[in-house]
Structure formats: structure tokens, C-alpha cells
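Biologist: I would like to walk through this structure with you. Please show it first.

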Amino acid sequence: MLRIQRELLAELLLSFVLSALVVTAVVFLGVMLRFVRDGGGALGAAALWTLLPNMAPVALSYSVPFAWLTATAFVVGRWSSDHELMALSTAGVHLRTLAVPLIAFGILLGVAGMYYNGWEVPIKNREMRARLRDYLPRFLSSLRGTERSVAFDRGRLSFERWDEESRKLLGVELDRRDGDGHLKEKVVAASLRLEHVTTAEGEEGLRLGFDDAFVMSTPRGGAEMSWRGRHGVVVGHVERVGASVGFNEFFGGQRWAARPRDLTIGELLYANENRGMVRGTHRDVRIALHGRLANGAAAFFLGLFALSMAMALPPSSHRVRDFVLTAAPAVLTFYPLQIAGPTLARSGAVSPWLIMWLPNALLLLGSVFLLRKAFRR
């Protein structure tokens, strides 16, 4: 009996490792392409290679649950298609004997996934954003097109080009407006240096250092133009840089506030009890908290459903069809609900813990029903 369990588990683990490698590579490619897109083309091959240790954990958090589902559906489905499960059952081996080690390993994966999603992934996310801030010159030098502008929350900066040698923007013009949209200050300068700074209030932003600058201010008495040579301006939130929307996250061009997805489980628990400690609402904190745990435990529920479906289906010689019937219901149930969960939770119609755990709960109910059916047969 132990030998049969070991054979099944060994085949399953081998298939799981191979599936995880393939799926992780695909997910990693998707994450990498997203960073390239958000970085406006600034991140080349060398930069991405240095970011690999920080990007890999994010890819693994998505790939491991799907890899465990795929491995379980493939291996147990093959045993069923080859009538091995029927032969073992005829020999007096209860299917429960085969299911227990797979369920136990799935529990280990679920617990490890919750820990991994709860602590390792947010820490790596923060490290990766810190690394990405080193690529500001590359980012600016990659700007293409005719727009060449930076839109702030209360202003707009236009420039002719980025000079790689001097690391400055050349031919710049800045408009700064007040809260009502009225022009407050206009700067025309030969060049501009960008610096990442922290204000006296502890907020982060960008310092614009102008050289050979004409500055026009608009006090109540009327507009005044003056030559200042050098002029410094600190701005906060950057809404857009050229065709990219990733400037804020990558280069610290906004007043910094911790986001729920960058906090560990311990920090989220603290923020849940002390409202207003992070950027976003209290509901966002609860969505992140339950979503992190539910997604981490997903491997167990996906694998359990694939196991129960493979055992409940009648044996046949159509392996591909059986694999699709085993895996597709879990995929079509779990992932759409997982994607829609945060949006539904933010609407306030459903409690965050309920909607974030709903995909796992549905898979668990379906698994219990199918396992009872398989065991009785």
C-alpha cells in the first residue's frame, strides 16, 4: 500500500515541478512585459536580469496554484484513464488511501502559499520598486514621440529632449497651477535636473532644478517675469510621463504612502485595527488581507477539486478530454471570481472576507460532493 502511495506521489511531484517551471516562465514573461510597458521602455535586458530575484517570487505566487492543479489533473486523470484506479479498487484498495497523501501535500502547499503571499511577496515588491528607482536616466532617455511632457497633479512640464551626457532635460517649460486651475508660476529654462527628494514633512517627491531660468509668477498685483538663473521646484504626484503611467511606482515621483498590496500580513493586521495607517480605505486593507490569504491557499483547493473530479469521472481512453473536464471547471470557476472579487468587495455590496474566500469555498463544496460520489462508487 505504501509503495502505491509513494509511486503516485512521486509521479505527481515530478509533474508538479515540470508544470511549475513552465507556468512560472510564462507568468514571469507576463510580469516582465508589464514592467517594460509601465517603464516606458526604460528597462532593458540588463536591468531586467538584475531584477530577476525580485520578480521571480511574484511569478511563483501565481504559477504554483495552477501548476498543482495541472499536475493533479494530469496524473490522477492518467491513472483513471488507464483503469489503474479501477484495478486498485477491485483489488480492495479504497480510493481514500490514494487521496490522503495528495490532500496532505496540498495542505502543505496551501499553508506555505499563505506564508509566502503574506510575507515574502510584499517584501520583494518593495525591494523591486526600490531597485527600479535607479533607472530614472534610462527611463527618460527612452521617451519617444512628439509629446515629450510630464503631467503633474497641478502642473505640466514640457521639454525638447533628454541629454544623456549631461543627464538633463533640455529646452524645458513648466506651468504650475493652484487648486482652482489658475496659473501660479511659469518657468522657461535651458535645462532641468530631476532629483528624488524627501520634504520636511517626510513626504517624497521630485525636485526640479532649472538652469538659465526665466520665472514668471502671478501675484495678485499681476504677472511678474524675472531672471533667476537657477530655480528649484518640488512637485508631488506625477500623473503621466510621455506614454507611460508607471513613473510614480517606479521612481518615487509621488507623496509616498504604503499601499495594502505592499504590506505583509502582520502590517495589514495592524492597519486593519488602526484605520488610516495606509493609502486607501479600510475596506482596501481588508480586501488585501483576505485576498492575500485566500490566494495563498488556492493551491490546496484547486488541487483538491482536480483530484475529486478525476476520481469521480468514469474511466475512458480520451486522456485529453478527461484532462480538460478535470481542470476546466476549476479554472472557469476560480479565476473569474478571483479577478472580480476586489471590484465586488469595493462596491460594498459584499463583505471582503466573503467575496475573497468565495472561489475557494465553491471549490471545496464541489470537491466534497465529487469525492463522496467517487468513494461510494
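Modeller: Here is a place to begin: aspartate 212 sits in strand E6, residues 204-217. Keep in mind that this is a predicted model.

Biologist: What is phi of aspartate 212 near?
Modeller: Most residues other than glycine have a negative phi. Aspartate 212 is not glycine, yet its phi is positive. The value is near 55°.

Biologist: Is aspartate 212 buried, partly exposed or exposed?
Modeller: Buried needs under 20% relative accessible area, and exposed needs over 50%. Aspartate 212 has 44%. That value lies in between, so aspartate 212 is partly exposed.

Biologist: Which residue of E2 stands opposite phenylalanine 152?
Modeller: Strand E1, residues 149-152, pairs with E2 in the antiparallel sense. Four bridges join E1 and E2. Opposite phenylalanine 152 stands glycine 155.

Biologist: Which residues of E2 are buried?
Modeller: Side chains alternate along E2.

Biologist: In E4, what is the bridge partner of serine 158?
Modeller: E2 (residues 155-158) and E4 (residues 168-177) pair in the antiparallel sense over four bridges. Arginine 156 in this pairing faces aspartate 175. For serine 158, the partner is glutamate 173.

Biologist: Which residue of E4 stands opposite arginine 161?
Modeller: Strand E3, residues 161-163, also runs antiparallel to E4. Three bridges join E3 and E4. Arginine 161 stands opposite leucine 170.

Biologist: What distance separates the end C-alpha atoms of helix H8?
Modeller: H8 covers residues 282-296, which makes 15 residues. At 1.5 Å a residue, the helix should span 21 Å. The model agrees, because its end C-alpha atoms are apart by 21 Å.

Biologist: At roughly what angle do the axes of H7 and H8 cross?
Modeller: Helix H7 spans residues 265-273. Its axis comes within 9 Å of the axis of H8. The crossing is left-handed. The angle is roughly 145°.

Biologist: How many nonpolar residues does the contact of H7 with H8 have?
Modeller: From H7, the residues in contact include Ile265, Leu268 and Leu269. From H8, they include Val285, Ala288 and Leu289. By class, two residues of this contact are polar and two are charged. The number of nonpolar residues is eight.

Technical notes: Residues numbered from 1 in each chain as written. Predicted model: local features only at pLDDT ≥ 70, side-chain atom pairs only at ≥ 80, totals over all residues. Heavy atoms only, no water. Pairing = 2+ DSSP bridges. Helix = DSSP H or I, 4+ residues; strand = E, 2+ residues; numbered from the N terminus. Expected span 1.5 Å × (residues − 1). Axes fitted to C-alpha atoms, helices over the stretch in contact; angles between N-to-C directions. Left-handed = near helix turned anticlockwise from the far one by under 90°. Contact = heavy atoms within 4.5 Å. Nonpolar A, V, L, I, M, F, W, Y, C, P; charged D, E, K, R; others polar. Buried < 20%, exposed > 50% of the residue type's maximum accessible area, 1.4 Å probe, protein only.
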